[in-house]
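Let's take a walk through this one together. Have the viewer open and follow along.

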Amino acid sequence: MDKKLFEGIRVIDFTWHLTGPLTTKHFSDMGAEVIRVESRRRPDIQRVNERTGSFKQFTTGKLSITLNIATPEGLNLIRQLIATADVIVDNFAGGVMERLGLGYNAVRKIKPDIIVLSSCMQGQTGPHAKHPGSGHKLTALAGFNHITGWPDQEPVWIAAYTDFIAPRYNILAILAALEYRRRTGKGQYLDMSQYEAGIQFMAPLVLDYGVNDRVVGRMGNRLPNAAPHNAYRCQGEDRWCAIAVFTDDEWNSFCNVIGSPALAADPRFASLTSRKDNEEELDILVNEWTVSRTAEEVMKMMQEAGVAAGVVETGEDLLDNDAQYKHRHTF
Amino acid sequence: MADKAEGMLGPYRVLDLTDEKGLLCGKILGDLGADVIKVERPGGDTTRNLGPFYKDEPHPEKSLFWFSYNTSKRGITLDIESAEGQDIFRQLVKGADFVIESFPPGYLEKIGLGYTALEKLNPGIILVSITPFGQTGPYRDYKTADIVAWAMGGEMIPFGDTDHPPTRISHHSQAYLHAGADAAAGAMTALYQRWSTNQGQQVDVSIQEAVVNCTEHVTSSWDLKHINLSYGRWPDPGHELTRLWPCKDGYVSWFFWGGPMSHSNVPLVELMKSKGMADDFLLNFDWTKYDAKTTQQEIGQMEEPTAKFFLAHTKAELFQGALEYGVQLYPVSTPSDMMSSPQLAARNFWQKVEHPELGATLTYPGPFAATEVEPPRISRRAPLIGEHNQEIYEGELNISPEKLSTLKQTGVI
């Protein structure tokens, strides 16, 4: 068998919850030796939380040791392990690794070219560095809840959304640092803020505010350059299909699919501008057509005609029904 | 001329053929120091038509979306379907490390520039392909849109309320950004492998798969319990929890977190107590007992005084209190709030970027990592249409000015 991609790379993993474990999973999935250092006194909440499978999902391919690093013997053992490592990752609140005696300046004395990544809510420096939090709430601080939901309604909760942005930037930072170490022999300390990672995904709206002094709000499922553009109710309980029509060509195809070619030329809907002006009426018409069909049927008919459409998939759809995931062995 | 430091990816060159589905990939590699050349169709990419726009003027050189995700790139125009354009592209590939693209699967093969063709020119080339559903499988030719990717990635069904359809995050596509970041990780992972194999490869990024990697509990709830999460039906056993709360001037994000995180509720009670707004129930509740057996009525008793407390205070007051008491609460912020954050200011997060042709300096989100070693940074603003044609075609490929003029007139560049 060929050498695994990251074979020979050892990662000491102090992470817990979501962001940290997702970060190190990229490396364990591709052959790095990831060693989780766990506390029996304060175990990973995902490990003890039986209601979800997140721990199982995000900890695959990793080794685990338990160690009380608050004791001198424990600290000595972890220092020995660090001397053999390439990368250290933690996602405690800011300043915790320093307090444990495992800050960058301490560990670089043991292993000069070590790459250390700390991932916390708002970064290791600044007045908010030590504030504890979780992605469920940081998603609000980074602006995402404000732009999710309907214009006349309260913002919509989207779980720990930024917990899935931060790991991507963490992985990128470690990959770049490994490449830099390969060329120069130098390690480094990577101070990662989930807040700053999240804002990368808000950039156009940041510029819009800075330049045009505009704070945009929630638009439901609407988009300025598409209509129909929504999730439409289909046959069955809680079944939906998303449909997105951008161009007039797609609009014509859409009208053919629903068996109303005449609708294409209807002045209420003939151009994108008119479709946007009469979008509420249009959504009602689309719903009338979708509601008696299955979401899968709607998706297939639309896609075969070149219109973007997709089942609003449930957990069951993702794991058991979606032919694409099956074909690609995604799970 | 940009002041380009070496950067962590300093030695590498990237040819970026992507549209909005993949622009972030090249931006990340560019901000990390790679020499990224955005290859646009003659006249400029259609992605330049995406708003919002500078001073609200729809114009291909004023798209703020384009600005956002094309930093640290140079720009050339090239028709890669024409014979002469292909010759030029092949020359560029010989000197490149990465080609990133987001055409429909099979398009590059069809025009003779698929991975097999590129690999013959340059065995080390890493082709990163970002497509709606991947290069293989029954849906590979399906079209996507952000709402479709969000739906089919399982990231839509859990969110919204019972009066509306499931919902996506408004405005520009989030799905494409996840895919773009995954593509950059794929590119660098392939680079790491190239150092031991001396071989490039094609990296196949599926936007659908990028989205499904954002789902929390959706797959595992089905896998372990055969529960389909749907809006409001989150896996808190038996509890309906308020998660976004109105306050005096907006909303805050907070919920009473039970089980192993129940200790995180104490600081909020302390904060409310300091304002004289914690009632006897909150003050006397044993938080170590807050778990699946806690009743919905008790949740109501926690939430009622809390709702009153939040309504009596502003976002800023509550955030300040949260910082002082260590409460895991954050305000529902807007870009305006973020741009006045003392934390981001203290970390010098925002980066000013000059746009001389607009006579303006714009504020951009800064580095995604703080490090003293070659931090990621915006080395130049997004390119104008064909801004570096001369620099690259004449300066690097030694195409004569006369030939360049012909290529321009014949629509090749």
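Which hand does the crossing of α1(A) and α8(A) have? It's right-handed. Keep in mind that we're looking at a predicted model here. Helix α1 covers residues 19-28 of chain A and helix α8 covers residues 166-184 of chain A, and the two pack with their axes 8 Å apart at an angle of about 40°. On the α1(A) side, the contact comes from Thr19(A), Leu22(A), Thr23(A) and His26(A), while α8(A) brings in Ala166(A), Pro167(A), Asn170(A) and Ile171(A). Sort those by class and you get 4 nonpolar, 4 polar and no charged residues.

Now hop over to chain B. There you'll find an open sheet of 6 strands with parallel pairing, running in the order β3-β2-β1-β4-β5-β6. The edges belong to β3 (73-77) and β6 (201-206) of chain B; each has a single partner strand, so one side of each has no neighbour in the sheet. On average, neighbouring strands are turned by 20° against each other, ignoring direction. Helix α1 (residues 23-31) of chain B packs on this sheet, touching β1, β2, β3, β4 and β5 of chain B, and its direction makes about 150° with that of β2(B).

Finally, the two chains meet: 113 residues of chain B are in contact with 110 residues of chain A. On chain B's side, helix α7 (residues 175-197) gives the most, with 13 residues. That side of chain B divides into 65 nonpolar, 36 polar and 12 charged residues.

Note on methods
Residues numbered from 1 in each chain as written. Chains lettered and ligands numbered in written order. Predicted model: local features only at pLDDT ≥ 70, side-chain atom pairs only at ≥ 80, totals over all residues. Pairing = 2+ DSSP bridges. Helix = DSSP H or I, 4+ residues; strand = E, 2+ residues; numbered from the N terminus. Axes fitted to C-alpha atoms, helices over the stretch in contact; angles between N-to-C directions. Contact = placed C-beta atoms within 7 Å. Nonpolar A, V, L, I, M, F, W, Y, C, P; charged D, E, K, R; others polar. Left-handed = near helix turned anticlockwise from the far one by under 90°.
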